[in-house]
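Dear colleague,

I am handing over the structure below, together with notes on what was found in it. Please keep it open while you read.

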Amino acid sequence: MSPEELRDLYQQVILDHSRKPRNQGEIPPPCLHAHGDNPSCGDEIDLWVRLDGQNRIEDVKFTGQGCAISQASASMMTVKVKGRSTTEAASMREDFRRVVMGDGKPQDEDALGELTLLEGVQKFPQRVKCAMLAWRALEQALEGK
Ligand code: ZN
């Protein structure tokens, strides 16, 4: 793919997820919940997670407001972590952090899939917080289990 094609794809995927977020809404209790905000940008995320008996993420939903990057990243995250174990989700979070911070290669790029399209934010330190917001909320929610 040429850099131009990649940039177009990046914009299409981000726009699509920010306009039509997947897994929006709340999960009724019992479930895990975390709230995250990013005051420098005004982004907010509320995340709900339900685990099955084997520590797999059976369901995950979010509500939120803020910039396109924060909401698209949250939407893309919910799609990718659903059905994964909490351990897998934690290593995906670390891999995603590497991608958006330009901090070395992810260990499992395939697991991240289209999330790697967000690597463009590494040039914009303020945007890294936007992209990581939902993942920080996921970490918080899972710590509460
Ligand atoms: Zn933001």
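Helices (H or I, at least four residues) and strands (E, at least two) are DSSP runs that are numbered from the N terminus, and the expected span of a helix is 1.5 Å times one less than its number of residues. This is a predicted model, in which local features need pLDDT of at least 70 and side-chain atom pairs count only at pLDDT 80 or more, while totals for chains, interfaces and linings use all residues. Residues are numbered from 1 along each chain as its sequence is written, and side-chain values use heavy atoms, with hydrogens and water left out.

Helix H3 has 16 residues and reaches 22 Å from its first C-alpha to its last, close to the 22 Å expected at 1.5 Å a residue. Its buried residues (buried meaning under 20% relative accessible area, exposed over 50%, and partly exposed in between, with a 1.4 Å probe and protein chains only) are Thr86, Ala89, Met92, Arg93, Asp95, Phe96, Val99 and Val100. What covers these buried residues of H3 includes E2, E3, H2, H4 and H5, where contact means heavy atoms within 4.5 Å. After H3 comes Gly102, whose phi is positive, near 65°.

Helix H2 has 14 residues and reaches 20 Å from its first C-alpha to its last, close to the 20 Å expected at 1.5 Å a residue. Of the 14 residues of H2, 11 are buried, so this helix is largely enclosed by the rest of the structure. The cover over the buried residues of H2 includes H1, E2, E3, H3 and H5, and H2 is followed by Gly83, whose phi is positive, near 90°.

Next, the metal site. The zinc ion is coordinated by Cys41 (SG), Asp43 (OD), Asp43 (OD), Cys67 (SG) and Cys130 (SG), at 2.1 to 2.8 Å; donors are N, O and S atoms within 2.8 Å of the metal (3.2 Å for Na, K and Ca), and since water is not among the atoms, sites may look incomplete. Asp43 lies in strand E2 (residues 43-51) and Cys67 in the loop between strand E3 (57-65) and helix H2 (68-81), so the pair ties together parts that are 24 residues apart in sequence. Both Asp43 and Cys67 are buried.

The C-alpha atoms of Glu139 and Ala90 are separated by 7.4 Å, although the two residues are 49 residues apart along the chain.

Finally, the largest pocket is lined by 19 residues, of which Leu6, Thr116, Leu117, Glu119 and Gly120 lie nearest its centre. On a 1 Å grid over the protein atoms alone, a pocket is an open set of points where a 1.4 Å probe fits, with protein on both sides within 12 Å along at least five of seven lines, and lining residues have an atom within 4 Å of a point. The largest share of this lining, five residues, comes from H1.

With best wishes
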